[in-house]
Amino acid sequence: MDIKSPFSSPASGRSIPVTTSPAGATLIDIDHVDFYYGASQALHDISLKIEEKKVTAFIGPSGCGKSTLLRCLNRMNDLIDGTRVAKGQIKIRGIDIYDPSVDVIELRKRVGMVFQKSNPFPKSIYENITYGLRLQGRSNKSDLDAVVEKSLRGAALWDEVKDRLHTSGLGLSGGQQQRLCIARAIAVEPEVILMDEPCSALDPIATVKVEELIQELRTKFTIVIVTHNMQQAARCSDKTAFFYMGKLIEFADTRAIFMNPANAQTEAYVSGRFG
Amino acid sequence: MSPSTRHEFQSRPSAARRWESAVLWLFRTATYVILICGALVFGNIVFKGSKTVFSTTAPFINVAFFTEAPESLYVFEYQGQKKEMGDREFRAFKTTHPEAKDIKAESYVYSAGGIFPCIVGTVLLVMGSMMIALTLGVSAAVYLSEYAKQGRAVTLIRLAILNLAGVPSIVFGLFGLGLFVIYLDWNVSLLAGWFTLALMVLPVVITASEESLKAVPKGFREGSLALGATKWQTIRKNVLPYALPGILTSSILGIARVAGETAPIMFTAAYVVRDKLPWEGLSSVSDFFFQGVMALPYHIYVVSSKIPQNEYTERVQYGTAFVFLVIVALIATCSIVLRNKLRNRYKW
C-alpha cells in the first residue's frame, strides 16, 4: 500500500508508509546533530532517540541547548535568521525533517508546541481552539464544536470554561491560559507535543494541574518537555536527557538519572550542587 | 511656626529646590504659550469663518455656501439701495428689471456662491490617496518587518524612507508633475494627485505600520506557526488585525496632511475653477480618474493670494478655512472611532 509521507508537501511525492508502532518504539531519531546560531555553536553532536507515547524530559542549566534542540524538532528555529543544522539529521519516523522535500507546515501540524510564556491569541476561547482547524479549511460548525469540547476536556479545562467559550482567552488565569494553549495544540491532533518550560510562569497549584494533564496526554501523544524544574522531570517523565554546554551528558530512564546517574556531572546537577 | 519647633524634615532652600520650581515654570509656560497660540489661530478662524458658514435666520446654516460653486460677486446701487448679488442672481435680476440693464456694478471674483466643488474635490483626493498610501504602505511595512531578512540593506531602505518624510511637499508636487502629469501623460488629474499625495504620506504610513507590527507580541506569531499556519495566514489572521489600530492612528495624521497640503496638488490635480462637478459630463469611467478637481486648500491659496483683496474676499477665505477644519476633524473622528472599536476587539 502506498501512503504519503506525513510531512511531504501535497505537491511533492515522496512516499513513505505511516506506521503506528507500539509505545516505546523510536519516533524521533536525533542523529549526531550540530546546530549553530550564526557563528556560535549551540549543540554539539547530539544523538538521542525519543520513544513513542512516552514523556521525554530535557533538563540542564540555562543556555545548555535544551530549548534549542526542542525547537529543532518542529523547525521553529527556522524563524531565526542565521540558524542552521550543520551536521547530522533529525528523523521522525525515518524521515529527515530538514530534507528539502519536507514541508515545514505539514511538519508543524504533526509536531505541536506549547510555549514557555502562555500565548493565547486575543480571541475567544472557542476561536483559539479552532484556529488550527480553520487553517486547514475545516468550518463545519458541529464538527468544530465537537473538537472544541474534546480538546478542552483533553486539557482538563472544559468544566472551568464551558459557560464562557466565547469570551476572550486572555480573561483566563495564568494556569488556565497555559492549559488553553495545550488544548489548542491537541485540537489539530499532532503526534508529538513539544513543551518548552510550560510551567515556569505558573504557581504551584497550576503546575500540578499541568503535570497531571501531561500524565493523561502521554497515552495519546509523544511528549517532549523542557524543564528547569528537576522535580518536575522526575515526577512526570519516562526518560530524561541531561544537557550541559550544548552537549548531551546523559540520557537514560528518568529513574536511573535521578537515583543512579552514570555521569558525575549529572549527579552533581540532579543533586543540586550546580546549575 | 516658631523657630523653636524646627524639625528634621523642615524644608531648607537649596539649589535643587530652586531648579525644581524654575523648571516647572518653564514647562508650564511653554505649554500655555502653545495653548494660547492654538486658541488664537482656531479662535480667529472659527470666529470669522462662522459669520460665513452660519446665518442668523433658519436653517442657521449658510446652505448656499456648502452647495454652490464659487461665482463672482456684483455690488451695485439700485434705486438708492446698495445691493450684493452673485453672478447668476445678477443676470436674472437684469432680465427681470430691464431698466437695470445698463447698471454699473463692481465685480469681485469668487466672493459669492459657495465652495461645494472644493469640498467634493478634497474628499475625493483624501479618500483616493489614503487608499493608495495604506495599500502600498502596509504592504511595504509587512514585507520589511515580517518577510525581509534583517540586515544592512533593510536598514538602508528604512533610512531612505525616513528621509523621504523630510522632503518638502513642493518637491513631491514637482515630482508628480514630472512623472505623472507629463511623463505618464495623465495631465492634471485626480489620479496624478492621488499618487503624488500618497507618495508624500507613505513614509509616515510605513514607519508607523512597522512600529505597530513590531508591537504585536512574538508569541502570537510563534503560536500560529506552531499550529501549522503559513506565514501569510499568520500575518493575516494573527498579526495584522492587532496592528490595525496603530496603523489607523498614523493614517489619521496622514489624512490631515493629505487634506491640507497645497503644494503637491497645485501642479498635479487642482484647478483654480471648474464648472463641472467630478461626476458630471463623463463619457467613460476612466474620465473620472483623469479629471482635475477643485480643492479646499488650493482654493484658500487662490482666494487669498491670487486675486485682488477687498472687503468681500475675507469671508470666503475664512469660511473655507473653517469648513476645511471641520472636514478634517470629521474624517479624523471617524478614524478614531474605528480605531477604538478595533482596539476593544483585540486587547492583549
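Predicted model: local features only at pLDDT ≥ 70, side-chain atom pairs only at ≥ 80, totals over all residues.
Q: Let's start with strand S8 of chain A. Is S8(A) mostly covered or mostly open?
A: Mostly covered. S8(A) spans residues 222-226, and five of its five residues are buried.

Q: Which residues sit on which side of S8(A)?
A: A:Thr222, A:Val224 and A:Val226 are on one side, with A:Ile223 and A:Ile225 on the other. Both faces are covered.

Q: OK, and which strands pair with S8(A)?
A: Strand S3 of chain A (residues 55-59) pairs with S8(A) in the parallel sense, over four bridges. Strand S7 of chain A (residues 192-196) also pairs with S8(A) in the parallel sense, over five bridges.

Q: Which residues face each other there?
A: A:Thr56 has A:Val224 in S8(A) as its bridge partner. A:Ile193 stands opposite A:Ile223 in S8(A).

Q: How does the chain get from S7(A) to S8(A)?
A: The path runs through helix H7 of chain A, residues 204-217, and this β-α-β crossover is right-handed.

Q: Back to A:Ile223. What does A:Ile223 touch?
A: Leaving out residues up to four places away in sequence, A:Ile223 touches A:Val55, A:Ile193, A:Met195, A:Ile214, A:Leu217 and A:Arg218.

Q: What about the largest nonpolar core, which members touch the most others?
A: That core has 81 residues, and the ones touching the most other members are A:Phe58, A:Ala183, A:Ile193, A:Leu194, A:Ile223 and A:Val224. Helix H6 of chain A (residues 174-187) gives the most to this core, with seven residues.

Q: Where's the other core, and how many residues are in it?
A: Another core of 70 residues lies apart from the largest one, and its members include B:Ala198, B:Val201, B:Tyr242 and B:Ile265.

Q: Switching topic: what's the strand order in the open sheet of chain A?
A: The order is S2-S1-S4-S5, four strands with antiparallel pairing. Strand S2 (40-51) and strand S5 (95-96) are at the edges with a single partner strand each, so one side of each has no neighbour in the sheet.

Q: How many bridges link S1(A) and S2(A)?
A: Eight, in the antiparallel sense, with S1(A) covering residues 26-37. A:Ile30 stands opposite A:Leu48 in S2(A).

Q: Now the two chains. How many residues are in contact?
A: 18 residues of chain B are in contact with 19 residues of chain A. On the chain B side, helix H8 (218-226) and helix H9 (231-238) are the elements that give two or more residues. H8(B) gives the most, with six residues.

Q: What kinds of residues does chain B put on that side?
A: Eight nonpolar, seven polar and three charged.

Q: Last one: what are the domains of chain B?
A: The assignment gives domain 1 (11-53), domain 2 (70-113) and domain 3 (116-345). The centres of domain 1 and domain 3 of chain B, taken over C-alpha atoms, are separated by 32 Å. Their contact takes eight residues from domain 1 and seven residues from domain 3.

Note on methods. Residues numbered from 1 in each chain as written. Chains lettered and ligands numbered in written order. Contact = placed C-beta atoms within 7 Å. Nonpolar A, V, L, I, M, F, W, Y, C, P; charged D, E, K, R; others polar. Pairing = 2+ DSSP bridges. Core = buried A, V, L, I, M, F, W, Y, C linked by C-beta atoms within 7 Å. Buried ≥ 20, exposed ≤ 12 C-beta atoms within 10 Å, placed from the backbone. Domains from an automatic or database assignment. Right-handed = clockwise from strand over helix to strand, strands pointing away.
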